[in-house]
Amino acid sequence: MTTAAVGLAARWQTGETPVVVECDPAGGDLLGRYRLETAPGLMSLAAAARRRGEQGLVWQHTQRLPGGQPVVVGPAGAAQARASLAQLSRTGVLRWAADRAGTVVIADCGRIEPDSPALEVVREADIVLLLARARDDALSHVAMQWPTVARWSRRQCLVLVGDGYPTGEVARELEIEVMGRIPEDPKGAAALAGHYERRATPTRSPLGRALDRIADLAASRVSDSPAWGREHAADVDAGSGAVGRPPGGAAYPRQSWSEVRR
């Protein structure tokens, strides 16, 4: 999810400046991945938002990734992340930032549960991109939770990750829109993380090309929204903390997609 959020920001081509905000209640990854500082970041932003609110406040709490991408870094600890998100959800500071001309906010909301402190961020989004692997267990969670997700957001699209069922088959069986597919591309992910290898730059990689297409589609949807400039992403993939995890994590049979939907 974090790789996708950073990649979307890197591929955003509409002239606006995207900022990635780590809103994962389980804790952020960018701090350790890029060896950044704890502050400025999500915790300092939450503290400042208690005292004042302004459209430019988010930018005062950003750091830069090696390629120059501005990010608001989430704390590594879940307790601090949840406390910061709870505070931010009461202030609307991300909403104000997204309403600023020329700004796109891309929020990495991790795996969303009904009691997630990041849920308010999802509700305020112009578009929500939900990532799931194209396999039985993950798709069963999607089928079970899609009606709930539809209540969280006016506009939601599914993005598939890795190998598995064909994109068209997933869209047809679940009767939901699939915006695109992100390949398993370790070299491309490493390039996005600043670890460049020969023939593995973000532009040339399969991951980079896929994110190009998804960023273009997402940008067109955001531009159609009444309030321009917001995009958020959430993960409903299978695994620990996933929404609607089946008992014991057992995979459903192939026909379960339509059965669960009914």
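This is a predicted model: local features need pLDDT of at least 70, side-chain atom pairs count only at pLDDT 80 or more; totals for chains, interfaces and linings use all residues.
How closely do the axes of helix α3 and helix α4 come, and at roughly what angle do they cross?

View 1. The axes of α3 (residues 42-51) and α4 (residues 78-91) come within 9 Å and cross at roughly 35 degrees, and the crossing in which α3 passes α4 is left-handed. On the α3 side the contact is made by L42, M43, L45, A46, A49 and R50, which meet Q80, A81, S84, L85, Q87, L88 and T91 of α4.

**View 2. The largest nonpolar core, with 45 residues.** The members that touch the most other members are L45, V58, V93, L94, C109, L158 and V170, while helix α7 (residues 136-152) contributes the largest share of this core, seven residues. Another core, of 32 residues, lies apart from it and includes A4, I106, C157 and L211.

View 3. D99 is partly exposed at 37% relative accessibility, whereas R95, with a relative accessible area of 13%, is buried.

**View 4. A salt bridge between E177 and R221.** The N to O distance is 2.4 Å, and the pair links distant parts of the chain, 44 residues apart, with E177 in the loop between α8 (167-174) and β7 (178-182) and R221 in helix α10 (residues 206-224). E177 is partly exposed, with a relative accessible area of 36%, and R221 is likewise partly exposed, at 26%.

Methods. Residues are numbered from 1 along each chain as its sequence is written. Side-chain values use heavy atoms; hydrogens and water are left out. A nonpolar core is a set of buried Ala, Val, Leu, Ile, Met, Phe, Trp, Tyr and Cys residues joined through side-chain atoms within 4.5 Å. Buried means under 20% relative accessible area, exposed over 50%, partly exposed in between (1.4 Å probe, protein chains only). Helices (H or I, at least four residues) and strands (E, at least two) are DSSP runs, numbered from the N terminus. Axes are lines fitted to C-alpha atoms, for helices over the stretch in contact, and angles run from 0 to 180 degrees between N-to-C directions. A crossing is left-handed if the near helix is turned anticlockwise from the far one by less than a right angle, and right-handed if clockwise. Contact means heavy atoms within 4.5 Å. A salt bridge is a side-chain nitrogen of Lys or Arg within 4 Å of a carboxyl oxygen of Asp or Glu.
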